[in-house]
Amino acid sequence: MIFTTVDRKSSKSLTQQVYEQIRNGILDGKLKEGQKLLSSRELAKIINVSRNVVLEAYHRLLAEGYIEVKPRSGTFIAKGTSLEHIGAKKLDIEKKQKEELEDSIIDFRGGNPAIDHFPRKKWGDLTKKICNESPQSIFGYSSACGIQELRDVLVSYLRRARGVHCQPEQIIITSGATQGLKLITELLITDKKRDYIAVEDPVTDEMRNIFTYAKAEIYPVSVDENGIIPELLPKEKPNFVFVIPSHQYPLGGILSIQRRLKLIEYARRMNCYIVEDDYDSEFTYEGAPVPAMQGIDQERVLYVGTFSKILSPALRIGYVVLPAHLVGEFQKLKWFTDRHTSTLEQHTLARFIEGGYLDKHIRKMRKIYQERRLVLVNSIQKYFHQAKIIGKAAGMHLVVEMAGIDFKKELVQKIKEKGVCIYPVEEYSIKKGEHTQKIIMGYGGLTPEQIKKGILLLRDALNEYKG
Ligand SMILES: Cc1ncc(COP(=O)(O)O)c(C=O)c1O
């Protein structure tokens, strides 16, 4: 039974105090249905009141149905009295309804990959093999750089697939690109009063948050349909320039070779670094993928990659390819952060790449994303005649410009109420006002049916809004 104490200085009678404490205990679930109460004699003794005080309180509780008396057994908390029980049921129903609503929403978020196609079977088989057949040492602590096997296979994969030139010693396995970028910021931004980063504008909110959380100054450099505009880079040396040259997020441009060279020239002249985020460039649907900038200059470019998009964000495996002279310091930062990324997952991934399964998976996913993109493009063209599709046919998202529609918060909310989530480019912009009529539409994580349905709902929502 819960404690009961009485305050003799209180304006409330002793009976009222005992009654209220037991009643409140029942209502908020501290006293459970079916639980036995102390006898009036025992309770009176414990709290040092006369037995009549307790008897009177019990009578009231009995009259109101909170307790029941079972002959020769005692006094018990009555059934159906627990507010916690009633409240929890209500909360459960509300939670379920909310979840159902969230589940039914068609979410065009940009970076969502097709997790319905994760190679579960192969991954599971390899994981089992590694657990059963590997030496005991793989279950111990490992190097902060990542396991040798993965770094070795990455060297040849990155050279072949992305034109990246490096030695295994230059690669550090991170817990996703997010951690890679966070550690790069820590490494390169040392004087928070003076140091700053030149950043593509608009830019992904996640990456921008990493920089601002590190309290680094940000210098926005506008982006057009062909990526960052080199002429707009700052006149004073930044610590680094952050770019996504292979498929800019969100506008989707691929940086031309002329602009790439200007950017490299700039970094050399200013004696600063370029941080190249190459998160989804395996998926290009027209022409060959443009090789990474790291292939042009290995001293100036820090290359960041991830397996979140080509396999699954749940793996939390990314990597950074560093100029050799930065490896030591970066490795220390990684060690201080989490010692190392999960070794077991790294072993599975190394085998997955080595066995040729990654290439196969990428080929399969390219077709799936290409189809999803096509469905989205066709649906947009069918229902929005004025809409302009922006961005190269690559990755898992595109940008749509709808002349005359300002995607303000209230409109986005109205569209959400119809069951669709879309993402205004303006929310990713540092300089406001330049992209108000553009939205990001990710298609990676949606089936063709969901895409078609989503576009119809969007059309209805916009028609209603226009009135
Ligand atoms: C531009 C960009 N790069 C990289 C990533 C991947 O981050 P991570 O590897 O930590 O999942 C994202 C995630 O959405 C992203 O938007």
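**A mixed sheet and its salt bridges**

In this predicted model, A198 stands opposite V241 of strand β8. Strand β5 covers residues 196-201 and β8 covers residues 240-243. The two strands run parallel, and three bridges join them.

Now widen the view. The sheet is open and has eight strands, in the order β4-β11-β10-β9-β8-β5-β6-β7. Its pairing is mixed. At the edges stand β4 (171-174) and β7 (227-228). Each has a single partner strand, so one side of each is left without a neighbour in the sheet.

Next, look at helix α6, residues 148-162. This helix lies across β4, β10 (301-306) and β11 (318-321). Helix α6 runs at about 105° to β4.

Turn to the charged side chains. The whole structure holds 18 salt bridges. One of them joins D278 to R162, with the closest N and O atoms 2.6 Å apart. This pair links distant parts of the chain: R162 sits in helix α6, D278 in the loop between β9 (273-277) and β10, 116 residues apart. Both D278 and R162 are buried.

A second pair is K262 with E231, whose closest N and O atoms are 3.0 Å apart. K262 is partly exposed, at 41% relative accessible area. E231 is also partly exposed, at 47%.

Finally, R60 bridges to E64, with the closest N and O atoms 3.5 Å apart. R60 is partly exposed at 34%, and E64 is partly exposed at 40%.

Definitions and conventions. Residues numbered from 1 in each chain as written. Predicted model: local features only at pLDDT ≥ 70, side-chain atom pairs only at ≥ 80, totals over all residues. Heavy atoms only, no water. Pairing = 2+ DSSP bridges. Helix = DSSP H or I, 4+ residues; strand = E, 2+ residues; numbered from the N terminus. Contact = heavy atoms within 4.5 Å. Axes fitted to C-alpha atoms, helices over the stretch in contact; angles between N-to-C directions. Salt bridge = Lys/Arg side-chain N within 4 Å of Asp/Glu carboxyl O. Buried < 20%, exposed > 50% of the residue type's maximum accessible area, 1.4 Å probe, protein only.
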